[in-house]
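Try each task before you read its solution.

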Amino acid sequence: MNALQALEEFVLAEGTGRRKVQISGIIREVTPTYYRVSGLSRFVRLGDRVGFLSQGKTQVGEVVRIDDGGVTVKPFNGRIEAGLGMPAFVVGDTGLHPDHSWRGRVINALGEPLDGLGPLVPGPIPVHNDAEPPSAMARSRVKQPLKTGVRAIDLFTPICQGQRIGIFAGSGVGKSTLLTMLAKCEGFDTIVVALVGERGREVREFLEGPIQANLHKSVMVVSTGDESPMMRRQAPRTAVAVAEYFRDCGESVLLIVDSVTRYAHAARDVALAAGEPAVARGYTPSVFSDLPRLLERAGPGAEGKGSITGIFSVLIDGDDHNDPVADSIRGTLDGHIVLDRAIADQGRYPAINLLGSISRLADHVWSTDQKELVRRLRGMVARYEDTRDLRLMGGYNPGNDPELDQAVVIVPKIYEALRQDPSMPASRDAFMDLAQALKQ
């Protein structure tokens, strides 16, 4: 055994990875997005954190690449103040320690308070930001229906506790507004919200909007668009880790992430800095493995534990629903709600495309009669939309097609019944509300 190997065994506690001493290296390269440190290659692992002192404060980053020449570190701070020759050292345990007292608090991606209400009380159980999802065979079944209070969803794409569903929309179509409506859902012990890459002004609007009634049982994880890719990449992981803590305590948790696409953008930036090649519209291979890993952590817990109902917004770049990220997410989730710009242009909110949206667990919610009714309603909506151009050109004559005549009368009433905004009270029984609307 040479001297370097002996030093390595001394520094790393065998079998645990806990360091007995603090070691440091030297910053040899600085770029606008990362810096390189020599001397740490044998003593760190991917995901470890490295920091350096700047103006009396420690600026921390994460190791994203290791090679013989050194390690590549992506800082959490958007502005790199490192200089050549400065010492960089391995930072100790930075794991999260969630606690029930965190409810009602606003934190950043590193688990630090942002609300000015004092320090967070650390919980007794540490959680990992990149934990493994529960074993597939150990997970409980998803069966319990959930009423969201949004009529269009409860009628056409009903969801269950423990389900993971995506809201797919382009910019400015009402995605965030729909999320605020869903945040008012009842029946959850804890709500965890991750705002990833959002506008700074929207944070207080979200907090002081419809979610305010449930703020006492909510944990907000915020990473605005001006923060570094590392913070935007970390925020959803922190939110899921907090949700997992409450799930393992036996609670029913609602997890809202807005948006997963911005998480994918941040993960792409980090992977490119680590030297990965771009394979699909600039996205690196690791992005398409990171996405399902994150999404699979939501859902039902092991038998005897709680569940995480995941609602993930997906920003469709250029309204292209075949975007590789959107396509990957759609195949992972248990359903998708599509918001259509053409519907929003008509002033119908929420702008849900009833024909393009689906819930893979709807059969656990609908009764036999409700399932048949929804099938018939979808058929009428499809017939109405397919003949829209024909009717606009004057090619429709009432009396020639009884099914189309029925659709022309009923579908506009359906659309009107599904109109809803955050200021309106939540629906208690969507089928009853629709029945009353059709009688008018």
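A residue counts as buried when its relative accessible area is under 20%. Keep in mind that this is a predicted model.

**Exercise 1.** Work out how many of the nine residues of helix 8 are buried, and find what they pack against.

*Solution.* 
- Start with the count: helix 8 spans residues 324-332, and seven of its nine residues are buried, so by the under 20% cut-off the helix is mostly covered.
- Next, name them: Pro 324, Val 325, Ala 326, Ser 328, Ile 329, Arg 330 and Thr 332.
- Now look at the neighbours. These buried residues pack against strand 10 (164-169), helix 6 (260-273), helix 7 (285-296), strand 15 (307-315) and strand 16 (335-338).
- Finally, check the start of the helix, where a side-chain oxygen of Asp 323 comes to within 3.0 Å of the backbone nitrogen of Val 325.

**Exercise 2.** Trace how strand 4 pairs with strand 3 and with strand 5.

*Solution.* 
- Take strand 3 first: six bridges join it to strand 4, and the two run antiparallel. Ser 54 sits opposite Lys 57 of strand 4.
- Their hairpin leaves two residues between the strands, and Gln 55 has a positive phi near 55 degrees.
- Move on to strand 5 (residues 70-75), which pairs with strand 4 in the antiparallel sense, again over six bridges. Here Arg 65 has Thr 72 as its bridge partner, and two residues separate the strands of this hairpin.

**Exercise 3.** Which element gives the most to the lining of the second largest pocket?

*Solution.* 
- The pocket holds about 590 Å³ of space and has 25 lining residues, with Thr 58, Val 60, Asn 108, Leu 110 and Glu 112 nearest its centre.
- Strand 3 (49-54) and strand 4 (57-67) are the elements that give two or more residues.
- Strand 4 gives the most, with four.

Technical notes
Residues are numbered from 1 along each chain as its sequence is written. This is a predicted model: local features need pLDDT of at least 70, side-chain atom pairs count only at pLDDT 80 or more; totals for chains, interfaces and linings use all residues. Side-chain values use heavy atoms; hydrogens and water are left out. On a 1 Å grid over the protein atoms alone, a cavity is a set of points where a 1.4 Å probe fits but cannot get out, and a pocket is an open set with protein on both sides within 12 Å along at least five of seven lines; lining residues have an atom within 4 Å of a point. Grid points are joined across faces, edges and corners, and a volume is the space filled by probe spheres set on the points. Buried means under 20% relative accessible area, exposed over 50%, partly exposed in between (1.4 Å probe, protein chains only). Contact means heavy atoms within 4.5 Å. A polar contact is a pair of N or O atoms within 3.5 Å; within protein, one must be able to donate a hydrogen and the other to accept it, and residues adjacent in sequence count only if both atoms are side-chain atoms. Two strands pair if DSSP finds at least two bridges between them.
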